[in-house]
Amino acid sequence: MKNVPAMCMLVLAVAGTPGLVVADAGETFVVQQAQGAPTVSLGGTVVPYKEVTLAAQLPGRITYLSGREGDGFDEDTLLVAIGDEELLAKRRALMAQMASADAQLRNAGVQYTRELYSPQSRSALGGMGLPNLFDQMFTRPVESFVGERDRGAERSADVFASGIQIQEAQNIMMGLQAELQGLDTRIRDARSIAPFRGVIIKKFVEVGDTVQPGQPLLNFADVEYLQIEVDVPARLRPGLREGEMLQAEIDPSNRRIPVRVAQIFPMADPQRHTVKIKFDIPQGVSEPGMYAKVLVNDLTAPARSSPVIPGSAVRYNGSLPGVYVVTENGQLQLRLIRVGEVLNGDFISVLSGLRVGERVLANPDSRVTAGWAKDASQAH
């Protein structure tokens, strides 16, 4: 169908036609001509609006599993836990190393402060091994006089060395903090948290199983809102736009429901030459995984000119569809037809066997047979 409003107008025109009258054998319907572009029925699958597969991020044994398939959970609920005893032991050892590094950092700061206010170069003993007083009054002046020692340079070197000790202690602390951050990330990865409100679709593990990194744990999905995912041929893509309303048929009863174009993927499949499109469906009409068909306009096909009749007018003789045509003399004639596509309002198109303007029984009674006499005054 080219657009929904035009089809709605068609249905109203068909329903209000004066050719529909009451007679002994039932109501008759004047065969109309279909309007608009033909539609193509494309099969798809009902999928959740959001779905994730939670996988193991580290090796270990499953110690906790929150529920079974169909159980619902709120956002941030713990779903799966992997044993993290070894990681917690490593974390305690790392905290002890950080305590030692912190002590070294504080000691380096104290030594640096001491060097600033009480330099070791001033209190060091002289090379002659004499008391400090003799060293200060004789040895140091002589060394300075002959140019063998520079007290200022020695003090600067001592201050610089104390500063280096602080920097090294800080570097050790930063390295331990980075290691702790990585370890906390691994501990966090041992717990799988619900990213949104949803239900468990499928479990792949049980409590006690041993898993490896990348192994799937469970599928979690939001099934409150569902969509139909369809691979649409590229030639039909120009006839669709986001927000457009179409019709779809949902298994198992092929019930017609309105759907909305929710997302058109930007790139076509290079092998199949199809474009993936998702359609929003009303709540509570289907379940994830069910088969569905979406009716999409085919703008590349010629305009539709097939006759249109109510679906209730068709009667099947075995596998052969047929209708009861009212002849000019009021007799009923069983005529085999070739059925086309299903239209809005439970109407169907007829590919062959009928002409526009002929009259058929809209809903023939089970007692009706070919040759039934009909009052011509009522058949107009």
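**Reading rings and strands in a predicted model**

A search of the whole structure, which is a predicted model, turns up 2 aromatic pairs.

Biologist: How do I read an aromatic pair, and what is the geometry of Phe 29 and Phe 347?

Modeller: A pair of aromatic rings is described by the distance of the centres and the angle of the planes. For Phe 29 and Phe 347, the centres are 6.0 Å apart and the planes stand at 45°, so this pair is tilted. Phe 29 belongs to strand β1 (residues 28-30) and Phe 347 to strand β20, so the pair ties together parts that are 318 residues apart in sequence.

Biologist: What sits over the ring of Phe 265?

Modeller: The charged end of Lys 276 does, 5.8 Å from the ring centre.

Biologist: Back to β20 for a moment. Which residue there is Ser 349 in contact with?

Modeller: Ser 349 lies in strand β20 (residues 347-352). With neighbours within four places in sequence set aside, its contacts include Ser 306, Pro 307, Val 308 and Arg 338. At 2% relative accessibility, Ser 349 counts as buried.

Biologist: Now sheets. What is the strand order in the open sheet of 4 strands?

Modeller: Read across, the order is β7-β6-β4-β9, and the pairing is antiparallel. β7 (191-193) and β9 (210-211) are at the edges with a single partner strand each, so one side of each has no neighbour in the sheet.

Biologist: How many bridges join the strands, and which residues face each other?

Modeller: Let's walk across. Between β6 and β7 there are 3 bridges, and Val 80 has Ser 192 in β7 as its bridge partner. β4 and β6 are also joined by 3 bridges, with Ile 62 opposite Ile 82 in β6. Then 2 bridges join β4 (residues 60-65) to β9, where Arg 61 stands opposite Thr 210.

Biologist: Why is β6 called largely enclosed?

Modeller: In β6 (residues 78-82), 4 of the 5 residues are buried, so the strand is largely enclosed by the rest of the structure.

Notes:
Residues are numbered from 1 along each chain as its sequence is written. This is a predicted model: local features need pLDDT of at least 70, side-chain atom pairs count only at pLDDT 80 or more; totals for chains, interfaces and linings use all residues. Side-chain values use heavy atoms; hydrogens and water are left out. Two strands pair if DSSP finds at least two bridges between them. Buried means under 20% relative accessible area, exposed over 50%, partly exposed in between (1.4 Å probe, protein chains only). Contact means heavy atoms within 4.5 Å. Rings of Phe, Tyr and Trp (its six-membered ring) pair if their centres lie within 6.5 Å; planes under 30 degrees apart count as stacked, over 60 as edge-to-face and the rest as tilted. A charge sits over a ring if NZ of Lys or CZ of Arg is within 6 Å of the ring centre and within 35 degrees of the ring normal.
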